[in-house]
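Thanks, everyone, for making the time.

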Amino acid sequence: MRLGVLDVGSNTVHLLVVDAHPGACPLPAHSHKAELRLAQLLDEDGAIGPEGVDKLITVVQESLQAAEDKGVEELLPFATSAVREASNADDVLARVQAETGVELQVLSGAEEARLTFLAARRWFGWSAGKLLVLDIGGGSLEIAYGIDEKPDAAVSLPLGAGRLTAGWLPGDPPDPEDIRSLRRHARAQIARTVGEFSRFGTPDHVVATSKTFRQLARIAGAARSAEGPYSQRQLKRESLEAWVPRLAAMTTAQRAALPGVSEGRANQLLAGALVAEGAMDLFGVETLEICPWALREGVILRRLDHMGSDQPTQPTHSR
């Protein structure tokens, strides 16, 4: 069947259409994106303003039309930290449902981490052993660890690249003191969680998902996206540490000129790099591998698993 997953994230609203059935690898068929940056549209009270809600409704309607055009049989709509943490989240969800018919499922931070972990586990398989998975979104940082398909530990921290850029790095280029303050803040937040994971032992494989990590790996020399999802892409802490001061000295326009960096995400790249550097340092990670699957694929895989379990059992005939 053809499934669609509608991801209302902190940076973008992304419709991913896949051809899938239980027991098979979901095959991407279509992608439709719109950058809203909801995490940066919150007012002083933490609410998404009327303009932001109107834009969200318009994009959801456009995504519904795209899903219909592509023959989607079932749509899996969800929202993450920007909507989850908005002070008027209930009103936003009610308006979206009333005007589009779409009932967004709001994922908790822990659910985000667990579903992203599931996607990484399926991509790398059992031979990867104990996995540590890091994901930097627009609104939050997810960390998960485990040896099975469900992680033994999963946390979500308010350290998304968009959120931190809006709240901590107003300059272009940012002020060095603002950068130092953000670095201290991010590392203090991450350090609080390290003990929760270290009791499970050293991971066998460390992977990262999200566009932030992909862009950081790309500027550090990883393969281009055009080379396909099966090209191994790594990010070394040594390379990242060398890039952080360079990114700090650049304007948004200069970052946008770097290989693999999109214009819409260039202003967030430094904040993302500071979080990535802090996580790799505090968790003792020298090298991580970029996973092409993340939260959207995790949502799809969970739905396929449920579809598989719903299949009627074939009767056994005896002679």
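This is a predicted model: local features need pLDDT of at least 70, side-chain atom pairs count only at pLDDT 80 or more; totals for chains, interfaces and linings use all residues.

Let me begin with Asp305 and Arg122, whose side chains meet in a salt bridge at 2.7 Å, N to O. Asp305 belongs to helix 11, residues 295-310, while Arg122 belongs to helix 4, residues 109-124, so this pair ties together parts that are 183 residues apart in sequence. Asp305 is partly exposed, with a relative accessible area of 34%, and Arg122 also counts as partly exposed, at 29% relative accessibility. There is also one network, in which salt bridges with shared partners join Arg187, Arg237, Glu241, Glu277, Asp281 and Glu286.

Is Arg237 buried or exposed? At 12% relative accessibility, Arg237 counts as buried, because the cut-off for buried is under 20%. Leaving aside residues up to four places away in sequence, Arg237 touches Met280, Asp281, Gly284, Val285 and Glu286.

The average pLDDT of the protein is 93, and 96% of the residues score at least 70.

Across the whole structure, a search finds 20 salt bridges. One of them joins the side chains of Asp19 and Arg2, at 2.7 Å, N to O, and this pair links distant parts of the chain, with Asp19 in strand 2 and Arg2 in strand 1, 17 residues apart. Asp19 counts as partly exposed at 32% relative accessibility, and Arg2 counts as partly exposed at 22%. Another setting is found in helix 1, residues 50-69, where Glu51 and Lys55 lie 4 residues apart, about one turn of the helix, and their side chains meet in a salt bridge at 3.4 Å, N to O. Here Glu51 is exposed, with a relative accessible area of 55%, whereas Lys55 counts as partly exposed at 39%.

Strand 1, residues 2-8, pairs with strand 2 in the antiparallel sense over 7 bridges, and the two form a hairpin with 3 residues between them. Within this pairing, Leu6 has Leu15 in strand 2 as its bridge partner. Strand 2 also pairs with strand 3, residues 27-35, in the antiparallel sense over 8 bridges, and there His14 stands opposite Lys33. Strand 2, residues 12-19, is mostly covered, with 7 of its 8 residues buried.

Terms used: Residues are numbered from 1 along each chain as its sequence is written. Side-chain values use heavy atoms; hydrogens and water are left out. Buried means under 20% relative accessible area, exposed over 50%, partly exposed in between (1.4 Å probe, protein chains only). Contact means heavy atoms within 4.5 Å. pLDDT is the predictor's confidence in each residue, from 0 to 100. Two strands pair if DSSP finds at least two bridges between them. A salt bridge is a side-chain nitrogen of Lys or Arg within 4 Å of a carboxyl oxygen of Asp or Glu.
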